[in-house]
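Dear colleague,

Please read them with the structure open beside you.

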Amino acid sequence: MNVAAVVVTHTPDSGIENCLTSLHPQVDELVVVQNLPIDRPEALPGLVVLTNERPVSLSANLNCGIAATTAPWVVVANPDTVADSGAVEVLRDFAATHPRAGVLGPRLRTPEGEWQPSRRRFPTVSGTLVRRTPLRALLKPQQRQRSHYLLDEDVVEPVRADWLLGAFHLLRRSMLDELGGFDEGFRLYGEEIDLCYRAARAGWERWYVPAAAVVHRSSAVTDRRFLTRHTVWHLRSIARFVRKHPERLRAL
């Protein structure tokens with residue numbers, strides 16, 4: 001396979017066992033990066049567990065895990081995901097026939113089997129204000145911004161994307177090396193948008209490959225509540241993205 005996988009944990013999560021068990025037979029290297037010392041996951045042959053002395057950003061944890069691997073392809077997966085059998089191979093085989101494919105994402109579904117839209121358009125100013133402020137309760141972005149979430153495009157064939165929800169990605173190492181990996185200034189949220197945007201500017205393609213399927217138990221904290229620390233982290237990520245890419249301000 002020549003594929004590695006990196007999973008970052010922040011809190012104890014019993015679901016990580018299912019995540020790792022699903023990935024283990026599909027990859028050659030498997031790394032868990034613990035942002036805080038927690039109970040170690042089940043011992044699997046070849047599993048590498050790295051533990052931070054102090055908490056760092058998700059991007060820093062991902063870069064650390066990626067640096068501990070050598071395979072030309074790297075899966076970065078949330079601990080609340082479970083990959084269907086063969087999902088990694090489907091992504092890798094597609095990428096192998098598309099030499100500029102740098103970021104690939106599977107079809108995500110909820111534990112209840114519902115489709116979870118994960119292919120998105122790059123954010124706009126007005127759309128972000130609606131989605132990430134109390135305006136959300138009034139303007140219902142899931143209904144009014146269907147084109148951002150691509151809710152009317154439940155495709156069955158591979159299709160290009162602006163960016164893909166970061167719950168589960170297959171990444172080409174040569175692309176990561178060229179781009180310098182994830183931007184560690186993003187504490188949490190937005191790091192995958194930034195990576196995909198930089199990839200796009202460098203000529204790397206982002207693909208949604210629905211033949212690969214992954215279950216995702218999304219908590220969606222910032223979608224359900226305002227004025228939490230997650231909201232602050234999200235707003236800081238938005239501000240960082242705009243500072244790095246001010247041309248996006250023209251996308252009203």
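A charge is taken to sit over a ring if NZ of Lys or CZ of Arg is within 6 Å of the ring centre and within 35 degrees of the ring normal. By that criterion, the charged end of arginine 240 sits over the ring of phenylalanine 186, 5.7 Å from its centre, and arginine 100 lies over the face of tryptophan 204, at 3.7 Å from the ring centre.

Before the rest, a word on provenance. This is a predicted model, in which local features need pLDDT of at least 70 and side-chain atom pairs count only at pLDDT 80 or more, whereas totals for chains, interfaces and linings use all residues. Residues are numbered from 1 along each chain as its sequence is written, and side-chain values use heavy atoms, with hydrogens and water left out.

As to the overall picture, the secondary structure of the chain comes to 11 helices and 12 strands, where helices (H or I, at least four residues) and strands (E, at least two) are DSSP runs numbered from the N terminus. Of the 252 residues in the chain, 52% are buried; buried means under 20% relative accessible area, exposed means over 50%, and partly exposed lies in between, with a 1.4 Å probe and protein chains only. Among the contacts with a separation of 6 or more, 77% come from residues 24 or more positions apart, contact meaning heavy atoms within 4.5 Å.

The largest nonpolar core has 63 residues, and those with the most contacts inside it are Val6, Leu23, Val75, Leu104, Phe168 and Met175. Such a core is a set of buried Ala, Val, Leu, Ile, Met, Phe, Trp, Tyr and Cys residues joined through side-chain atoms within 4.5 Å. Leucine 23 touches Ala5, Val7, Leu30, Val75, Ala77, Ala83, Val88 and Phe168, not counting residues up to four places away in sequence. In helix H1 (residues 16–23), leucine 23 is buried along with Ile16, Cys19, Leu20 and Ser22. Seen down the axis of H1, the buried residues fall within an arc of 160°, so they line one face of the helix; the arc is that of the directions from the helix axis to the C-beta atoms.

Helix H11 (residues 229–244) has 16 residues and reaches 23 Å from its first C-alpha to its last, close to the 22 Å expected at 1.5 Å a residue, the expected span being 1.5 Å times one less than the number of residues. His230, Thr231, Trp233, His234, Ser237 and Phe241 are buried in H11. These residues cover an arc of only 160° around the axis, which puts them on the same side of H11, while Arg229, Arg236 and Arg243 are exposed on the other side.

Turning to the aromatic residues, the structure holds 3 aromatic pairs. Rings of Phe, Tyr and Trp (its six-membered ring) pair if their centres lie within 6.5 Å, and planes under 30 degrees apart count as stacked, over 60 as edge-to-face and the rest as tilted. The rings of phenylalanine 94 and tryptophan 207 have their centres 5.0 Å apart and their planes at 65°, so this pair is edge-to-face. Because phenylalanine 94 lies in helix H3 (residues 87–96) and tryptophan 207 in strand S12 (residues 205–216), the pair ties together parts that are 113 residues apart in sequence. Phenylalanine 94 and tryptophan 207 are both buried. The rings of phenylalanine 122 and tyrosine 197 have centres 5.1 Å apart and planes at 85°, so this pair is also edge-to-face. It links distant parts of the chain, 75 residues apart, with phenylalanine 122 in the loop between strand S8 (119–120) and helix H4 (125–131) and tyrosine 197 in helix H9 (residues 191–201). Phe122, Tyr197 and Phe241 form one aromatic cluster.

Two local points remain. Histidine 216, found in strand S12, counts as buried at 5% relative accessibility, and its C-alpha atom is separated by 9.8 Å from that of glycine 113, 103 residues apart along the chain. Tyrosine 189, in the loop between helix H8 (173–179) and H9, has a positive phi of about 85° although it is not a glycine.

With best wishes
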